[in-house]
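Please look at the sequence and the structure shown below, and then read this short report on aromatic rings.

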Amino acid sequence: LAALAGGAAAFFLGWLLNGILLMDTMRSLYNVVEGADNNPPVMWAIALSNLLWAYFYALIFDKWAGIKSFQAGAIAGLWLGALLSLSIDLSLYSMLTMWTLPGVALDVAVSAVMSAVTGGIVGMVLGYGNK
C-alpha cells in the first residue's frame, strides 16, 4: 500500500512539475535532439517507474530504516532522491551532449522535491500500521 500511494503521488507530482509547470523551462535547459524524446510519452512506463521508485523507498524504510512517519520519510526521500538523481544526471552529462549543467541542477532540485513528497507519503502509510 505504501508503494502504491507513493507511486501515485510521484506520478501526479511528476506530471504537475515536469509536464506542466516546468516543461518549457526544462526544454530550454537541454540541448534538444530531434526525435530523441517520445511524444507522447509512454505512460505505462512512467507509471511503472514511479511505482518501482516508491517500492524502493518502502523496502528501505520498512525493512532497514524503520521509517514510519511523513517527516522521517520526507527527509530520507529528499536525500535519497537528490543523491541518486545527481549521480545519474552527472553520469548522463558526462556522456551525452543533450545535458547541460543548469539542466542537471534543475532536474536534481525537482527530483529532490518529488522524492521528499514520495518518501513522506511512503513513510506515513507505513506508519499507519503502528496506530
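Which residues do ring pairs link into a cluster? The cluster is made of W53, F56, Y57 and F61, which are linked by ring pairs. The model is a predicted one, in which local features need pLDDT of at least 70 and side-chain atom pairs count only at pLDDT 80 or more, while totals for chains, interfaces and linings use all residues. Residues are numbered from 1 along each chain as its sequence is written, and side-chain values use heavy atoms, with hydrogens and water left out.

A pair of aromatic rings is described by the distance of the centres and the angle of the planes. Rings of Phe, Tyr and Trp (its six-membered ring) pair if their centres lie within 6.5 Å, and planes under 30 degrees apart count as stacked, over 60 as edge-to-face and the rest as tilted. The structure holds six aromatic pairs, and two of them are set out here.

| Pair | Centre to centre | Angle between planes | Class |
|---|---|---|---|
| W53 and F56 | 5.7 Å | 35° | tilted |
| Y57 and F61 | 5.4 Å | 15° | stacked |

W53 and F56 both lie in helix α3 (residues 43-65), three residues apart, which is about one turn of the helix. Y57 and F61 also lie in helix α3, four residues apart, again about one turn. Helices here are DSSP runs (H or I, at least four residues), numbered from the N terminus.

Accessibility is described with the terms buried (under 20% relative accessible area), exposed (over 50%) and partly exposed (in between), using a 1.4 Å probe and protein chains only. W53 has 29% relative accessibility and therefore counts as partly exposed, and F56, at 31%, is also partly exposed. Y57 is buried, with a relative accessible area of 0%, and F61 is buried as well, with 1%.

Technical notes
Helix = DSSP H or I, 4+ residues; strand = E, 2+ residues; numbered from the N terminus.
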